[in-house]
Amino acid sequence: MSVRKMHEIWIEQYDAAQDIKLRYGLKAAFDYLVAEKLLNFANVAAQHPEFARELPRFVSEVRLMFTPQEIRTHIVRIECEQHENNAPAMEDDDLIAKVRLQPQSGLGSSPPSKNY
């Protein structure tokens, strides 16, 4: 592929994401197109003006494929997954201690004291 056309590869990726969405669902299509391809494209766009010029078109097409709610939901999901992957594993005893230290509310908690 010529250098002139390299910045238009997102069009093929967008078409592939539509097929992925039909075959494997929304999550798979979002992960492929946004979490992988769009982020990579944006990183390259920081160094290459021809990619930077195409970036708004790419983003516009992503917004056509996914609703604003779907975008928000999947971005939150990805952030949570990244947080979980970066968090150190918690031992069972540590988890039990953490749960015990959290204040209880609702049923089973003592009523607030009244100071007269």
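Predicted model: local features only at pLDDT ≥ 70, side-chain atom pairs only at ≥ 80, totals over all residues.
F41 and F51 are both buried. W10, F41, F51 and F58 together form one aromatic cluster.

How many aromatic pairs are there? The count comes to four aromatic pairs. One of them joins W10 and F58, whose rings are stacked, with 5.2 Å from centre to centre and 20° between the planes. W10 belongs to helix α2, which covers residues 9-24, while F58 sits in helix α4, so this pair ties together parts that are 48 residues apart in sequence. Is W10 buried or exposed? With 4% relative accessibility, W10 counts as buried, because buried means under 20% relative accessible area. F58 has a relative accessibility of 0% and therefore counts as buried. A further pair is made by F41 and F51, with ring centres 5.1 Å apart; the planes meet at 55°, so this pair is tilted. Here F41 comes from helix α3 (residues 26-45) and F51 from helix α4, so the pair links parts that are ten residues apart in sequence.

Helix α4 holds another residue worth a visit. E54 lies in this helix, which spans residues 49-65. Where does a glutamate like this one end up, buried or exposed? At 9% relative accessibility, E54 counts as buried. The side chain of E54 makes a polar contact with the side chain of W10, at 2.8 Å. When neighbours within four places in sequence are left aside, E54 is in contact with H7, E8, W10 and F41. Two of these names, W10 and F41, are also members of the aromatic cluster.

The helices themselves can now be fitted around these residues. How do α2 and α4 pack? Their axes are 11 Å apart and the packing angle is about 10°, which makes α2 roughly parallel to α4. The crossing of α2 past α4 is right-handed. On the α2 side, W10, I11, Q13, Y14, A17, Q18 and K21 take part, and they meet E54, R57, F58, E61, V62, L64 and M65 of α4.

The crossing of α3 and α4 is left-handed. From α3, the residues L33, V34, K37, L38, F41, A42, V44 and A45 meet F51, A52, E54, L55, F58, V59, V62 and M65 in α4. F41 and F51, the tilted pair, are among the residues that bring α3 and α4 into contact.

A last stop in α3 is E36, which lies in this helix. How accessible is E36? At 35% relative accessibility, E36 counts as partly exposed. Its side chain makes a polar contact with the side chain of K37, at 3.2 Å. K37 in turn is one of the α3 residues that meet α4.

How values were computed: Residues numbered from 1 in each chain as written. Heavy atoms only, no water. Helix = DSSP H or I, 4+ residues; strand = E, 2+ residues; numbered from the N terminus. Buried < 20%, exposed > 50% of the residue type's maximum accessible area, 1.4 Å probe, protein only. Polar contact = N/O pair within 3.5 Å; in protein donor to acceptor, adjacent residues only side chain to side chain. Contact = heavy atoms within 4.5 Å. Phe/Tyr/Trp six-rings, centres within 6.5 Å; stacked < 30°, edge-to-face > 60°. Axes fitted to C-alpha atoms, helices over the stretch in contact; angles between N-to-C directions. Parallel < 35°, antiparallel > 145°, perpendicular 65-115°, else oblique. Left-handed = near helix turned anticlockwise from the far one by under 90°.
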